[in-house]
Amino acid sequence: TRYPFAIAWSAPWERYEYQGSTTGEGFTLFNATSTVTLEAFDLADGDAMACLQAWEDGLLGAWRTGDIQAVTPVADGAGAVIWAGDADRARGGYSWARTSEPDTTWAEVVDCRRLSQGSVLRISHIVPSASFLAEAPAVEALLGGLELGVGERRVHPAVVGGASKTEYPTRHHDGDPVDSELAHERVHQP
């Protein structure tokens with residue numbers, strides 16, 4: 001596959017319909033508080049820092065156009081700003097509020113990882129700012145089920161729902177999608 005990654009999850013995480021790029025592959029998971037989107041796509045030699053900087057440019061562009069406000073760096077539990085990385089892995093975050101909903105501030109932390117030469121995996125965690133530190137362990141546990149560089153011969157990333165077995169992510173064997181499987185169909189079938 002072009003985007004070799006797999007992830008396992010269990011309750012309380014659920015799959016949400018993916019609304020990302022049309023040029024990549026991915027999906028969104030959510031619990032009662034957090035949303036985590038995993039999106040793989042082609043980008044400048046698979047440079048994770050370039051991925052993070054592109055996300056930051058988009059966020060700051062939304063701030064400059066007035067779509068969001070109150071943009072500030074996100075800090076970890078020790079008070080250190082979350083912003084570090086290199087070409088293989090980069091992580092950063094900002095908090096912000098939508099101009100249309102100024103009373104709700106969101107923390108967004110993005111973790112970009114090189115998948116191969118020419119592709120990256122962008123993991124975006126969005127949560128109400130007041131819940132960021134409390135939700136961080138749940139997201140870390142979720143990402144503990146992430147495997148990079150797997151399935152080099154697979155057509156699509158593996159998706160594992162709950163603690164069950166790996167399933168083909170776009171179609172259940174009987175054609176009926178079930179919980180924790182991607183329900184959308186892709187054009188290319190193996």
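# Notebook: helices, cores and bridges

I began with helix α2: at 1.5 Å a residue, its 12 residues should span 16 Å, and the end C-alpha atoms are 16 Å apart, which agrees. The expected span here is 1.5 Å times one less than the number of residues in the helix. Before going on, I noted that this is a predicted model, in which local features need pLDDT of at least 70 and side-chain atom pairs count only at pLDDT 80 or more, while totals for chains, interfaces and linings use all residues. Residues are numbered from 1 along each chain as its sequence is written, and side-chain values use heavy atoms, with hydrogens and water left out.

**Entry: the faces of α2**

Which residues of α2 are buried? I found F132, E135, V139, L142 and L143. They cover an arc of only 85° around the axis, which puts them on the same side of α2. That arc is taken from the directions from the helix axis to the C-beta atoms. For burial I used relative accessible area: buried is under 20%, exposed is over 50%, and partly exposed lies in between (1.4 Å probe, protein chains only). Turned away from the buried side, the other face of α2 carries the exposed residues L133, A134, P137 and A141.

**Entry: the overall layout**

I then stepped back to the whole protein chain, which has two helices and 11 strands. Both kinds of element are DSSP runs numbered from the N terminus: helices are H or I with at least four residues, strands are E with at least two. The order from the N terminus is β-β-β-β-α-β-β-β-β-β-α-β-β. Of the 190 residues in the protein chain, 41% count as buried.

Strand β1 (residues 5–9) is mostly covered, with four of its five residues buried. Two strands count as paired if DSSP finds at least two bridges between them. Within this pair, I7 stands opposite L146 in β10.

**Entry: the nonpolar cores**

In soluble globular proteins, nonpolar side chains tend to be buried together. I counted as a core any set of buried Ala, Val, Leu, Ile, Met, Phe, Trp, Tyr and Cys residues joined through side-chain atoms within 4.5 Å. Which members of the largest core touch the most other members? Of its 17 residues, they are F5, I7, L38 and L121. The elements giving two or more residues to this core are β1, β3 (25–30), β4 (35–42), β9 (119–128) and α2 (132–143). A second, separate core has 16 residues, including W55, A90, C112 and V120.

**Entry: the disulfide**

The structure holds one. It is formed by C51 and C112, with their sulfur atoms 2.2 Å apart. The angle about the S-S bond is -60°, and the link of C51 and C112 is left-handed. C51 lies in helix α1 (residues 48–64) and C112 in strand β8, so the pair ties together parts that are 61 residues apart in sequence. Both cysteines, C51 and C112, are buried.

**Entry: salt bridges**

My rule for a salt bridge was a side-chain nitrogen of Lys or Arg within 4 Å of a carboxyl oxygen of Asp or Glu. By this rule I get five salt bridges. One of them joins R89 and D111, with the closest N and O atoms 2.7 Å apart. This pair links distant parts of the chain, with R89 in strand β7 (residues 89–98) and D111 in strand β8 (residues 105–116), 22 residues apart.

Through shared partners, salt bridges join R89, D111 and R113 into one network.

I also noted E101 and R98, whose side chains meet in a salt bridge at 4.0 Å, N to O. E101 is partly exposed at 37%, and R98 is partly exposed at 35%.

Most residues other than glycine have a negative phi, and most peptide bonds are trans. Against that background I logged a cis peptide bond joining A11 and P12, with omega about 15°. P12 sits in the loop between β1 and β2 (14–16). I also logged A70, a residue other than glycine with a positive phi near 55°. A70 is found in strand β5 (residues 68–73).

Conventions: A disulfide is a pair of cysteine sulfur atoms within 2.5 Å.
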